[in-house]
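I opened a notebook page to record what I looked up in this structure, entry by entry. Each entry takes up one topic.

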Amino acid sequence: MSETVVHVLRHGEVYNPDGILYGRLPGFRLSELGVQMAKAAAQALAERTVVHVVASPLERAQQTAEPIAAQFGLPVGVDERLIESANWFEGKKVSPGDGSFRDPRNWWVLRDPVTPSWGEAYRVIAERMFAALHAARIAAEGREAVLVSHQLPIWTLRRYVERKRLWHDPRKRQCGLASLTSFHFDGAKISGIGYSEPAAHLIAISPTARTAKGA
C-alpha cells in the first residue's frame with residue numbers, strides 16, 4: 001500500500017501590536033512577515049503530491065493555507081477540530097514578568113497544570129486533532145494532505161501520537177511558526193513523524209516570533 005502523508009502546519013506570524021494572548025479571538029491576521037512565512041511553507045511543499053488542504057477557521061490559519069491551496073489548484077477546507085485551544089487568559093497580556101502568574105486573583109485558574117485548569121483539557125485537544133488527522137489521511141489516501149492549525153494543538157497531537165504525557169513545559173515545544181509536523185502513514189498506521197521549519201530564516205529576523213501568544 002502506498003504511503004500517505006499528512007503535514008500539520010502551524011500558521012505564520014500574527015500582527016499583534018498589543019501583545020495579548022489572542023487565542024480564538026477574531027480579527028487576528030498574519031503580519032507582513034507572516035504572509036512571507038506562509039509562502040515559504042508553500043514553496044517547501046511545491047514538489048509534493050498535495051491533494052487536500054484544510055485549516056482551522058481562524059483568520060491566521062486560513063491565510064496560511066491560501067498559498068498552498070493556490071499552488072495546487074485546491075480549495076481551503078475548514079475543520080473546526082483544528083482550532084486553537086480555549087484559554088481563560090484569552091484577550092489578556094500574559095508576558096513573562098507582567099505579573100499575571102503572580103497575581104493571587106489568578107491562582108485558582110492556575111491550580112492544575114496537568115488538565116490544565118486554565119483552558120481546554122489536553123486530552124480533548126489531542127482527541128479532536130487526532131480525529132482531524134485521520135480524516136485528512138482518508139481524504140488524501142496514497143498522496144498528501146496539509147492541515148493548518150496552531151502551536152498547542154499541534155504539539156499536543158504529536159505528544160499524543162508519541163504516547164508521551166500531554167502536560168509539558170511550553171518552552172520546550174518543537175513547533176515554530178510556519179513549521180511542518182509531518183505524519184507518515186502506512187495504511188491507517190502512523191509509521192513516522194517528521195519536522196521541518198521552512199520559514200526558519202524569517203523567524204530569525206522577527207522580533208516577536210519567539211514570544212508569539214495565542215498561536
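Before checking a helix length, I noted that the expected span of a helix is 1.5 Å times one less than its number of residues. I also noted that the model is a predicted one.

**Entry: helix α3**

I applied that rule to α3, whose 18 residues should span 26 Å, and I found its end C-alpha atoms 26 Å apart, which agrees. I then listed the buried residues of α3, which are Tyr122, Ile125, Ala126, Arg128, Met129, Ala132, Leu133, His134, Ala136 and Arg137. Looking for what covers these buried residues, I found that the cover includes the strands β1, β2 and β4, the helix α4, and also β5 (180-186) and β6 (189-196).

**Entry: helix α1**

I repeated the length check on helix α1 (residues 32-44), where 13 residues at 1.5 Å a residue should span 18 Å, and the end C-alpha atoms are 19 Å apart, which agrees. Its buried residues are Leu33, Gly34, Met37, Ala38, Ala40, Ala41 and Ala42, and what covers them includes β1 (3-10), α2 (59-72) and α5 (200-203).

**Entry: the strands around β2**

I asked myself how many bridges join strand β2 to strand β4. I counted five bridges between β2 (residues 50-55) and β4 (residues 144-149), and the two strands run parallel; in this pairing I noted Val50, whose bridge partner in β4 is Glu144. Turning to β3, I found that β2 pairs with β3 over two bridges, in the parallel sense, and that Ala55 has Val78 as its bridge partner in β3. I also wrote down that β2, α2 and β3 make a right-handed β-α-β unit.

**Entry: Pro116**

I located Pro116 in the loop between β3 (77-78) and α3 (122-139).

**Entry: aromatic pairs**

I looked for rings whose centres lie within 6.5 Å, and by this rule the count comes to three aromatic pairs. One of them is the stacked pair of Tyr22 and Phe28, with 5.0 Å centre to centre and 25° between the planes. I found Tyr22 buried, with a relative accessible area of 2%, and Phe28 likewise counts as buried, at 15% relative accessibility. I next took up Phe130 and Tyr160, whose ring centres are 5.4 Å apart and whose planes stand at 70°, so I recorded the pair as edge-to-face. This pair links distant parts of the chain, with Phe130 in helix α3 and Tyr160 in helix α4 (residues 151-161), 30 residues apart. Phe130 counts as partly exposed at 27% relative accessibility, and Tyr160 is partly exposed with a relative accessible area of 24%.

**Entry: charges over rings**

I ended with charged side chains, and I noted that the charged end of Lys92 sits over the ring of Trp88, 4.5 Å from its centre. I noted as well that the charged end of Arg137 sits over the ring of Phe185, 5.9 Å from the ring centre, and that Arg137 is among the buried residues of α3.

Methods: Residues are numbered from 1 along each chain as its sequence is written. This is a predicted model: local features need pLDDT of at least 70, side-chain atom pairs count only at pLDDT 80 or more; totals for chains, interfaces and linings use all residues. Side-chain values use heavy atoms; hydrogens and water are left out. Helices (H or I, at least four residues) and strands (E, at least two) are DSSP runs, numbered from the N terminus. Buried means under 20% relative accessible area, exposed over 50%, partly exposed in between (1.4 Å probe, protein chains only). Contact means heavy atoms within 4.5 Å. Two strands pair if DSSP finds at least two bridges between them. A crossover is right-handed if, with the strands pointing away from the viewer, the path from the first strand over the helix to the second runs clockwise. Rings of Phe, Tyr and Trp (its six-membered ring) pair if their centres lie within 6.5 Å; planes under 30 degrees apart count as stacked, over 60 as edge-to-face and the rest as tilted. A charge sits over a ring if NZ of Lys or CZ of Arg is within 6 Å of the ring centre and within 35 degrees of the ring normal.
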